[in-house]
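The following note sets out numbered points for a colleague who has the coordinates at hand. Please read each point against the displayed model.

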Amino acid sequence: MLDFFTIFSKGGLVLWCFQGVRGPAAACTAPVNALIRSVLLQERGGSNSFNHEALTLKYKLDNQFELVFVVGFQKILTLTYVDKLIDDVHKEFRDKYRNEFQQKGALGLLNGTFDFKEDFLRLLRDAEESSKARAPTAMKSFEQSAKSQKTVKSMIENRGEKPKEKTKNKKSKGSKKEAPGNEAATVPKATAAVKQDPPVAAGDREELTKDEILQKNREEFFRKRMKGGEKSNKSPKPDTQKDKGKKPRVWELGNSNAKVLDYSNSTTNGNADTCPMEEYDPEMVLGDRNREPGRLRDLEYESEEDTEEEKVVQNSSGASAKKGGLGGMFGMLKGLVGSKSLSREDMDPVLEKMKDHLIAKNVAAEIAVQLCESVATKLEGKVMGTFTTVTSTVKQALQESLVQILQPQRRVDVLRSVMEAQRHRRPYVITFCGVNGVGKSTNLAKISFWLIENGFSVLIAACDTFRAGAVEQLRTHTRRLNALHPPENHSGRTMVQLYEKGYGKDAAGIAMEAISYARNQGFDVVLVDTAGRMQDNAPLMTALAKLIAVNTPDLVLFVGEALVGNEAVDQLVKFNKALADHSMAQTPRLIDGIVLTKFDTIDDKVGAAISMTYITSKPIVFVGTGQTYCDLRSLNAKAVVAALMKA
């Protein structure tokens, strides 16, 4: 049973609606709005199905008249006729009101009256009857089965014949499975068995009773068991079992006390004297001297329009020199589409090249296929202009889809959120997570520098209690940041401090203490650094979910490097799944944004940005482009798409 069926234009005008369940007229509004927000506006039209709470929505796009057909039904129902119904309704509705759409256009949609209820009910009855006609066949009766053909005599089994038949069947099955080459190998085994047992006549073998066969098999079984026991006794097990877990190495000439090797001082929390300020070369630390303090610049990109125009001019001049005027003219007109609706066959060769191009640019293969499917769904049936090629049309649609993907539903404005937290007199908490070696601590220091230049005080919580040197790395960054922004420039206030409890402690507890300390001392932002972990490590993922569930940070940032391809999809999917599975809350906290690092090492292979945002529907908040504190950028969607589409 259908919940609703609605037809509306891509501009948002509802043309006709059918409601199959009694209730308010706005019952279908929320699912359809969710479909528009999550699928149609986000360029995810590769699949024609969408789930919203307890409903399943199936939709079909009519790109010629800019119409959308949506049907909704309960998720637990398996309605096999829905696809046929939506195709029939689409064809019937188009054919009935084609002239009105073509002659009046938008005015026809506004002023038209669409009386389609009787036609829809007729199509619904036809679809339901067709599904009943294709019902699964009934079970066969006993008379139709092969067992009914057997006689009573053939089903009677004698006591002595049963094991013989079984052994014969086993021998025949084994002989069928044996290959011709294995016959020679089985001959010595048979001769050896004959030598061990006394020779028995063929007539005696057949006259063996069931009890004698069982006794013989039992003796062979015990003989094999005794041989196996003797072999196992020859290799005694070691008395001492190996201790599991990691053990620290103890050097002969060194001190085995771990406290001697722990250079982290628990008394440094909130005390600036133990972290003395050091002098550094500003050019080495900052890099860009012409920067504007506190401003996060966009990614820079070169416009390709000028270079493309130059190539076109060069190619046209070269072609005109080789060919005549008419030849050049016909060459320009080759491949143009004149007022023709695009079909899937026209787009398939172009989409295949586009898919290979995206994969070569480091986009995950699965994401590239889904993007091309979405573009094909968006363009199928659309009428093209006179002087337009299929390649340029598909390329333009793909560019628009990529820009839309890189601008997700929610925009993260960190500075505005920090000021909002200031008004409530509480610190704004950001947690960094990710796999090993992607640059979490380095980019945390860059973000700290950016926040300090905007006038916010920062407390860094060293919750990476596993990796050797993690606390010392953050302490070094703290010293450098305090040297660049000494307390004298901020009315005697230390702008960045480190909160750490050494190694081997509970990360969730350290984060909780750091947030409490920041609230008491009046810090504006708390940056929580966590240990790197692989997405398949269940204990570490459980610890991360615990840290996020206990401390409820305002922003959870996943730090990923731009060098990954298909691995980006696996990392983000499993991180989100682990956070959802190991969280005790009814609505688990997932990743809120992405920090894309090492962006300066990939040239134009920027596909990881597309893969990450497509999988999570979350924005890329920061982009790391170097090793100095100023090498932090905000994402420019046009820059990424221009680099991605560059040949």
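1. Thr391 touches Val350 and Met354, leaving aside residues up to four places away in sequence; contact here means heavy atoms within 4.5 Å. Thr391 is placed in helix α16 (residues 390-405), and helices (H or I, at least four residues) and strands (E, at least two) are DSSP runs numbered from the N terminus. With a relative accessible area of 44%, Thr391 is partly exposed; buried means under 20% relative accessible area, exposed over 50%, and partly exposed in between (1.4 Å probe, protein chains only). The C-alpha atoms of Thr391 and Lys353 are separated by 9.9 Å, and these residues are 38 apart along the chain.

2. On provenance, this is a predicted model, in which local features need pLDDT of at least 70 and side-chain atom pairs count only at pLDDT 80 or more, while totals for chains, interfaces and linings use all residues. Residues are numbered from 1 along each chain as its sequence is written, and side-chain values use heavy atoms, with hydrogens and water left out.

3. The chain holds 24 helices and 15 strands. Of its 647 residues, 38% are buried. Among contacts between residues at least 6 apart in sequence, 76% join residues at least 24 apart.

4. Which residues bring α14 and α16 together? From helix α14, Asp346, Met347, Val350, Leu351, Met354 and Leu358 meet Val390, Thr391, Val394, Lys395 and Leu398 of α16. Helix α14 (residues 344-360) packs against α16 at an angle of about 50 degrees, and their axes are 10 Å apart. Axes are lines fitted to C-alpha atoms, for helices over the stretch in contact, and angles run from 0 to 180 degrees between N-to-C directions. The angle makes α14 oblique to α16; under 35 degrees counts as roughly parallel, over 145 as roughly antiparallel, 65 to 115 as roughly perpendicular and the rest as oblique. The crossing of α14 and α16 is right-handed, the term used if the near helix is turned clockwise from the far one by less than a right angle, with left-handed for anticlockwise.

5. The crossing of α21 and α22 is right-handed. Met541, Leu544, Ala545 and Ile548 of α21 make the contact with Lys574, Phe575, Ala578 and Leu579 of α22.

6. An open sheet of 8 strands has the order β10-β9-β11-β8-β12-β13-β14-β15, with mixed pairing; two strands pair if DSSP finds at least two bridges between them. Its edge strands, β10 (496-499) and β15 (632-633), each pair on one side only. Helix α17 (residues 414-423) packs on the sheet and touches β8 (428-433), β11, β12 (555-561) and β14, its direction making about 135 degrees with that of β8.

7. Strand β9 (residues 458-462) runs parallel to strand β11 (residues 525-529), and 5 bridges join them. Val458 has Val525 as its bridge partner in β11. With β10, strand β9 pairs in the parallel sense over 4 bridges, and the partner of Ala461 there is Tyr499. Is β9 mostly covered or mostly uncovered? Mostly covered: 5 of its 5 residues are buried. Val458, Ile460 and Ala462 point one way from β9, and Leu459 and Ala461 the other way.

8. A search of the whole structure finds 13 aromatic pairs. Rings of Phe, Tyr and Trp (its six-membered ring) pair if their centres lie within 6.5 Å; planes under 30 degrees apart count as stacked, over 60 as edge-to-face and the rest as tilted. One of the pairs, Trp16 and Phe120, is tilted, at 5.2 Å centre to centre and 55 degrees between the planes. Trp16 lies in strand β2 (residues 14-19) and Phe120 in helix α4 (residues 117-133), so the pair ties together parts that are 104 residues apart in sequence. Both Trp16 and Phe120 are buried.

9. The rings of Trp450 and Phe622 are edge-to-face, because their planes stand at 70 degrees, with centres 5.3 Å apart. Trp450 lies in helix α18 (residues 440-453) and Phe622 in strand β14 (residues 620-624), so this pair links parts 172 residues apart in sequence. Trp450 counts as buried at 9% relative accessibility, and Phe622 counts as buried at 1%.
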